[in-house]
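Please walk through the structure below with its overall build in mind, then its core, its charged pairs and its surface.

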Amino acid sequence: MDLNKFNELLSVPTKTYQEDKMVKHLLNELSQIDGIKVVCDEHKNIYVTKGTLGEDEFYPMFISHTDTVHNLVDEIIVKEEYLLRPYTFGKNFGPEQSLCLKAYDNDGKPTGIGGDDKCGIFICLELLSRLDKVKVAFFVSEETGCHGSKMVDTEFLKDVGYCTQYDAPGDHLISYSCMGTVLFDKDGEFFNTALRSITKSFGNEMMVQSHPYTDIMMIKQKSDISCINMSCGYYNMHTANEFVCLYDVERAINAGVNMVTDLGLKKYEFKYEPPKPVNYQNPIFDFDQDDDMFYSSVHHLDSVDVLEEKNGIIIADPYDGNEFFIDDEDGYKLYEILKDRYSSDEY
């Protein structure tokens with residue numbers, strides 16, 4: 001992993017609809033790579049192809065997005081620090097510190113490093129250099145509604161066998177669906193092979209969850225291929241204290257390489273089905289409760305996560321790492337309080 005290249009990328013300021021510097025940086029980086037074809041469309045989405053397919057072969061494809069949520073600053077100063085990884089979407093990382101990168105402005109104030117999704121961008125560039133046959137795409141303006149990927153060139157997808165996005169925090173997450181759009185067949189060859197590759201690379205159990213929107217959702221909706229999204233090592237996303245863990249980024253890169261080795265250059269078809277209307281008495285995400293990989297008991301609300309445990313619930317803030325446990329006895333008392341509060345005519 002080229003740490004200097006990563007630092008340079010992390011130092012590029014970019015925000016939704018203000019991504020010119022990142023697009024320019026990427027085009028410059030890509031111009032230095034031999035043997036690739038690069039297209040930047042009218043929306044400033046970037047498409048890259050490497051290698052020539054043989055008979056009955058299909059490209060693996062990797063994607064990321066070029067915007068962040070952070071306000072632009074004159075200069076982003078990237079510093080190496082040993083940090084604790086906070087609780088993130090269902091996982092506690094314990095007391096061990098890891099070598100991380102964090103961003104500051106000229107006044108020494110944290111400014112948000114934009115690992116969401118600069119980590120994904122860097123990983124895509126690394127995979128482009130490590131793989132012989134691959135397609136990569138960088139989409140603009142994901143953070144406010146996947147505006148770039150909504151305009152994806154579907155011709156670019158016709159010789160793609162499967163697509164992977166790197167746009168989830170931590171080192172343990174796989175997206176099964178995004179806003180009801182199912183990305184793969186959880187009983188199929190694609191997922192079971194990919195899961196082994198990813199788990200082997202990260203060296204820890206993966207949590208397979210439903211997640212909010214990201215660009216992979218649009219790829220799935222516009223194609224007949226299996227898709228997946230996974231962790232890429234950023235933490236405290238969307239806050240000034242956002243940072244990236246180098247160990248996690250390296251393992252995410254390895255996961256991509258191992259996936260291509262194990263899945264090969266095949267097409268893994270999975271037909272798109274529009275999401276069904278939400279029925280809260282019969283949820284869409286009815287995962288097999290006997291399958292420990294799937295965590296249907298994680299509820300992502302606007303401001304907190306609620307995790308159902310065997311003897312209680314955890315209320316957790318995914319942004320600052322704070323959390324607390326409520327056992328079932330107190331949980332029932334809380335239920336009575338909430339029932340009284342929200343049964344009034346005011347609500």
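Of the contacts in the protein with a separation of 6 or more, 75% are between residues 24 or more positions apart; contact here means heavy atoms within 4.5 Å. This is a predicted model, in which local features need pLDDT of at least 70 and side-chain atom pairs count only at pLDDT 80 or more, while totals for chains, interfaces and linings use all residues. Residues are numbered from 1 along each chain as its sequence is written, and side-chain values use heavy atoms, with hydrogens and water left out.

The protein has seven helices and 17 strands. Both are DSSP runs numbered from the N terminus: helices are H or I with at least four residues, strands are E with at least two. Of the 347 residues, 51% are buried. Buried means under 20% relative accessible area, exposed over 50%, and partly exposed in between, with a 1.4 Å probe and protein chains only. The accessible surface comes to about 16400 Å², and carbon and sulfur atoms hold 48% of that surface. These areas come from the Shrake-Rupley method with a 1.4 Å probe; for residues, only the protein chains shown count as cover.

In soluble globular proteins, nonpolar side chains tend to be buried together. A nonpolar core is a set of buried Ala, Val, Leu, Ile, Met, Phe, Trp, Tyr and Cys residues joined through side-chain atoms within 4.5 Å. The largest such core has 80 residues, and those touching the most other members are Phe6, Phe138, Ile174, Phe184, Ile198, Ile219 and Ile228. A second, separate core has six residues, among them Leu83, Cys100, Phe243 and Cys245. Beyond four places in sequence, the residues that Phe184 touches include Ile174, Phe190, Val208, Ile228 and Phe270.

Asn229 sits in strand S11 (residues 226-231) and is buried, at 2% relative accessible area. A polar atom of the Asn229 side chain lies 2.9 Å from the backbone nitrogen of Asp167. Apart from neighbours within four places, the contacts of Asn229 include Tyr166, Asp167, Ile174, Leu183 and Thr214. Thr193, in helix H4 (residues 189-202), is also buried, at 9%.

Side chains of opposite charge can pair when their charged atoms come close. The whole structure holds 20 salt bridges, each a side-chain nitrogen of Lys or Arg within 4 Å of a carboxyl oxygen of Asp or Glu. In one of them, Asp248 and Arg85 meet at 3.0 Å, N to O. Asp248 is in helix H6 (residues 246-263) and Arg85 in the loop between strands S4 (77-84) and S5 (97-104), so this pair ties together parts that are 163 residues apart in sequence. Asp248 is buried at 0% relative accessibility, and Arg85 is buried at 14%. Both belong to a network of salt bridges that also links Lys91, Asp171 and Arg251.

Asp20 and Lys44 form another salt bridge, at 2.4 Å, N to O. Asp20 is partly exposed at 48%, as is Lys44 at 36%.

Leu334 lies in helix H7 (residues 328-342) and is partly exposed at 32%.

Notes
Polar contact = N/O pair within 3.5 Å; in protein donor to acceptor, adjacent residues only side chain to side chain.
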